[in-house]
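Welcome, and please open the structure in your viewer.

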Amino acid sequence: MSIENCAPIHDLRMQLGECPIWQPDEAALYWIDIEGRAVHRFDPLRDMHHGWPVPSEPGCIAFHRDGGLVVAMREGIALLDTTSGCWTPMVDAPYEPSTMRFNDGRCDTAGRLWVGTIYEPRDHPHAALHCLERGILRDSGKRATVSNGVAFSPDNRIMYHTDTTSHCIRAYSFDAVTGALGESSVLRQFSTDRTNNYGGRPDGAAVDSEGAYWCAMYEGGRLLRLSPRGDILREIPLPVRCPTMLAFGDVDLRTLYVTTVSKNRPPAELAAHPLSGCVLRLRVEVPGLREHFYCP
């Protein structure tokens, strides 16, 4: 796949685009702008965009079974009514918001929302992976500095989780019935040397219908498709340096939607990569998986 096959879905520019998810019943893409403090929706068939302001920086979103969006923000988790724009608080933040906020997350097949945090000083692994189940938030005990890359295998027996700061993706055995995480192994460890052939660090991710793990390589300007053993099956170069996450969408789930960053990037980089901050799309051969909804 060449860069020429990748195009923006709209002329909107995100400061820090993240967490794209496809709503199959609406045939629409949702995503967030963390620094822009907004939730976005785009209907590709009608070429229609809509946005909602968010009270504090959103880290991830998930579809609620009864409608609307579950939004994990710096100050806590709340339900956004996408019809009225009204907010309903769900859970307070379990951390000190001055140094931490919610980050990447995803629902499992039982309707739990697994959501991690980011420790903003980034000098210690004080962030954690949490699980929101029926309105109760618990700490899974899995630590990170920047929690990212939550995704599940098609058989729901593996949970993937990334610590972007350590450049490491781990695979945990997972019990979808109880929500218990078991033994873990390293799916892939990327080099932390940013001076010698640096290929970026793993950020947000998604799993396709064949069980391959796709990850956005932040500052690497590429997407990687990894086998369940961690082998690189495919590399797709992008016309931006900082992709953040990807989602499978459209009716056949064979369009990749990729969020990207523009804020705090060097002027020379933005000049060389003018699509930075856009949501990009490109076609792939293997379809993805439908997103699970949060169940209260």
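Select Gly17 to begin: the bridge partner of this residue in E3 is Asp33. Keep in mind that you are looking at a predicted model. Now show the whole of E2 and E3, which run antiparallel and are joined by five bridges.

The four strands make an open sheet with antiparallel pairing, in the order E2-E3-E4-E5. Which strands stand at the edges? They are E2 (17–23) and E5 (48–53); each has a single partner strand, so one side of each is left without a neighbour in the sheet. Turn the view and compare neighbouring strands: on average they are turned by 20° against each other, direction ignored.

For one of them, select Tyr30 and Phe63, an edge-to-face pair with 5.5 Å centre to centre and 80° between the planes. Tyr30 sits in strand E3 (residues 28–33) and Phe63 in strand E6 (residues 58–63), so this pair ties together parts 33 residues apart in sequence. Are these two residues buried or exposed? Both Tyr30 and Phe63 are buried.

Now select Trp114 and Phe174. Their ring centres are 5.9 Å apart and their planes are at 80°, so this pair is edge-to-face. Trp114 belongs to strand E11 (residues 113–119) and Phe174 to strand E16 (residues 168–175); the pair links distant parts of the chain, 60 residues apart. Trp114 and Phe174 are buried.

Notes
Residues numbered from 1 in each chain as written. Predicted model: local features only at pLDDT ≥ 70, side-chain atom pairs only at ≥ 80, totals over all residues. Heavy atoms only, no water. Phe/Tyr/Trp six-rings, centres within 6.5 Å; stacked < 30°, edge-to-face > 60°. Helix = DSSP H or I, 4+ residues; strand = E, 2+ residues; numbered from the N terminus. Buried < 20%, exposed > 50% of the residue type's maximum accessible area, 1.4 Å probe, protein only. Pairing = 2+ DSSP bridges. Axes fitted to C-alpha atoms, helices over the stretch in contact; angles between N-to-C directions.
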